Amino acid sequence: MAATARSKAELDSEFAELYRSHLRDVYSYAYYRVGNHHDAEDLTEQTFLQAYRHFERAQAESDGRPLRPWLIRIAHNLAANLYRDRSRRPQTSIDDTSGLSAVHTTEDLVEGRDELARILAGVKELPNDRREALIMRFALGMDNREIARALGKTDGATKVLLHRAIRQLEGIVGDEHSKR
Amino acid sequence: MSTPSADIETLLSRALRPVDPPEGLSSRLESTLVELTEMAFDELESWELRAMRDPRNWVRPVMAVVVTATAGTALVILRVRAGQKRRVMLARGPADLAARTARAVAGEARRVVRR
């Protein structure tokens, strides 16, 4: 028997749930990717607009798998387009400590502002794919499989990517520390 | 044994904390929806009726606009907001901007309903 066509109300309800569940994920990714709230808001909105247009097909093709990697992949592609179209880097770097106050508690800032700033500065220096993998792992809590789907890589390649990203970051932060 | 990787992963977890959307992003969207839907309703009465020969044809778009807190209306907001900067640039004044925004709301609502 042919599958019953999904009703629009049903799809919209499921999309609303996706939106509510992952607004913070998409926003977090966007913020660390573009480095400022203004562009992050635009990127988040555009991500959900595009997601809505392709939601039914994505659901059908997901075979029941979570759609978070698909959402993040949309944001990833839109961010890449943003930089390509405007030929620019983030307007505010993610190691700008003034931006940290929006993300971190006062306690964090008092205890380890310099340390966190060094880590963020190091993340900024990484190649795009390594930086993004770290954002997905640590800001969004995605596992290797999810990151692999979001980046269009194999699970194995993603594991290597994360390992190299952390190693490179250690080197960057270590070099910076030894200069002091 | 503590390893440098473990240390740096701990630091990464602290540094790359999830970022909550700015306070008011969601609420601003919902507030905008209420304003826009009210504007759209008034606007529909004046120009949509003239544009459509059979008034029954505009019941669906209006229904789509006035329903709140649903995915459809959220999408109407998101889509309308996406074009707001361009409308602000093109508008000849507040009244013109309101009219352009209302037309955008109606158009997006129809697109959502027909999808």
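## Helices, burial and a shared core

Me: What share of the contacts in chain A between residues at least 6 apart in sequence join residues at least 24 apart?

Reply: In this predicted model, the share is 65%. A contact here requires C-beta atoms within 7 Å. For chain B, residues 24 or more positions apart account for 72% of the contacts with a separation of 6 or more.

Me: What makes up the secondary structure of chain A and of chain B?

Reply: Chain A has 9 helices and 0 strands, and chain B has 6 helices and 0 strands. Read along the sequence, the pattern of chain B is α-α-α-α-α-α.

Me: How much of chain A and of chain B is buried?

Reply: Of the 180 residues of chain A, 37% count as buried. Buried residues are 30% of the 115 residues in chain B.

Me: Why is L161(A) called buried?

Reply: The cut-off for a buried residue is 20 or more other C-beta atoms within 10 Å. L161(A) has 21 C-beta neighbours inside 10 Å, so L161(A) counts as buried. This residue is in helix α9 of chain A. Beyond the neighbours within four places in sequence, L161(A) is in contact with D129(A), R130(A), A133(A) and K153(A).

Me: How far apart are L161(A) and A148(A) in space?

Reply: Their C-alpha atoms are 9.8 Å apart, with a separation of 13 residues in sequence.

Me: How do you know that the length of α2(A) agrees with its number of residues?

Reply: The expected span is 1.5 Å times one less than the number of residues. For the 17 residues of α2(A) this gives 24 Å, and the end C-alpha atoms are 24 Å apart, so the two agree. Among the buried residues of α2(A) are L43(A), F48(A) and Y52(A).

Me: What span does α7 of chain A reach, and what is expected?

Reply: Helix α7 (residues 128-139) has 12 residues and reaches 16 Å from its first C-alpha to its last, close to the 16 Å expected. Just after α7(A), G141(A) takes a positive phi of about 70°.

Me: What makes α7(A) mostly covered?

Reply: Of the 12 residues in α7(A), 10 are buried. They include R130(A), E132(A), I135(A) and F138(A).

Me: Which residues have the most contacts inside the largest nonpolar core?

Reply: They are Y29(A), A30(A), A75(A) and I135(A), in a core of 47 residues. The elements giving two or more residues to this core include α1 (8-34) and α7 of chain A, together with α1 (4-15) of chain B. The most comes from α1(A), with 10 residues. At least three residues of this core come from each of domain 1 (13-93) and domain 2 (103-180) of chain A.

Me: Which residues is Y29(A) in contact with, leaving aside its neighbours within four places in sequence?

Reply: Y29(A) is in contact with I72(A), A75(A), I135(A), A139(A) and L140(A).

Definitions and conventions
Residues numbered from 1 in each chain as written. Chains lettered and ligands numbered in written order. Predicted model: local features only at pLDDT ≥ 70, side-chain atom pairs only at ≥ 80, totals over all residues. Helix = DSSP H or I, 4+ residues; strand = E, 2+ residues; numbered from the N terminus. Core = buried A, V, L, I, M, F, W, Y, C linked by C-beta atoms within 7 Å. Domains from an automatic or database assignment. Contact = placed C-beta atoms within 7 Å.
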